[in-house]
Amino acid sequence: MISGIFILINGTREQGGRAVITVEGQVYKTLPVQMDTTFTVETDKGYNVVVIKDGQVFVSHADCANQICVNSRSISKNGEVIACLPHGLVITITSSDEEVDAVAY
Ligand SMILES: [Zn+2]
């Protein structure tokens with residue numbers, strides 16, 4: 001029997017750290033999700049209004065045809081994504097710990 005192995009789960013890491021907004025694959029903006037803000041992303045094809053509130057990120061308005069991004073549920077956890085395909089816009093939640101882990105050991 002192998003004993004004494006504990007899988008440590010960083011349960012509190014579930015909350016995302018940063019919202020990364022990319023347009024056509026280029027990073028447009030990176031923001032901490034702890035910071036409430038609203039801003040408009042202007043793309044070549046239209047705009048998306050991105051809201052960060054209480055650690056949740058969502059698209060409140062957009063002039064895209066399908067409105068899938070507007071109707072998407074807000075995201076707050078690492079790896080969650082909202083995409084506006086007509087505009088080539090992708091919002092991803094990523095951990096803010098990555099950089100810290102890279103320098104700390
Ligand atoms: Zn859209």
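Colleague: How much of the chain is made up of buried residues in this model?

Modeller: In this predicted model, buried residues make up 20% of the 105 residues in the chain. As a general idea, nonpolar side chains in soluble globular proteins tend to be buried together. Here the largest nonpolar core has 17 residues, and those with the most contacts inside it are Ala19, Val57 and Ile91. The elements that give two or more residues to this core are β1 (18-23), β4, β5 (56-62), β6 (81-84) and β7 (89-94).

Colleague: Which residues does Ile91 touch, leaving aside those up to four places away in sequence?

Modeller: Ile91 touches Ala19, Ile21, Val50, Val57, Ile75, Val81 and Ile82 when those neighbours in sequence are not counted. For the chain as a whole, among contacts with a separation of 6 or more, residues 24 or more positions apart account for 35%.

Colleague: How many helices and strands are there in the chain, and in what pattern do they follow along the sequence?

Modeller: The chain contains two helices and seven strands, and reading along the sequence gives the pattern β-β-β-β-β-α-β-β-α.

Colleague: What order do the strands take in the open sheet?

Modeller: The general idea is that strands of a sheet pair through backbone hydrogen bonds, either parallel or antiparallel. In this structure four strands form an open sheet in the order β2-β1-β7-β6, and the pairing is antiparallel. The edge strands are β2 (26-32) and β6, each of which pairs on one side only, and the twist from one strand to the next averages 15°. Within this sheet, β1 and β7 are joined by six bridges, and the bridge partner of Val23 in β7 is Leu89.

Colleague: Which strands does β4 pair with?

Modeller: Strand β4 pairs with β3 (residues 37-42) in the antiparallel sense over six bridges, and six bridges also join β4 to β5, again running antiparallel. The hairpin of β3 and β4 has four residues between the strands, and in that hairpin Gly46 takes a positive phi near 155°. The hairpin of β4 and β5 has two residues between its strands, and Asp54 in the turn has a positive phi of about 50°.

Colleague: Is Val51 buried, exposed or partly exposed, and why?

Modeller: Val51 lies in strand β4 (residues 47-53). A residue needs 20 or more C-beta neighbours within 10 Å to be buried, and 12 or fewer to be exposed; Val51 counts as partly exposed because it has 15 C-beta neighbours inside 10 Å. Leaving out residues up to four places away in sequence, Val51 touches Thr38, Phe58 and Ser60, and Thr38 has Val51 as its bridge partner in β4. Val51 and His61 are ten residues apart in sequence, and their C-alpha atoms are 9.3 Å apart in space.

Terms used
Residues numbered from 1 in each chain as written. Predicted model: local features only at pLDDT ≥ 70, side-chain atom pairs only at ≥ 80, totals over all residues. Contact = placed C-beta atoms within 7 Å. Core = buried A, V, L, I, M, F, W, Y, C linked by C-beta atoms within 7 Å. Pairing = 2+ DSSP bridges. Axes fitted to C-alpha atoms, helices over the stretch in contact; angles between N-to-C directions.
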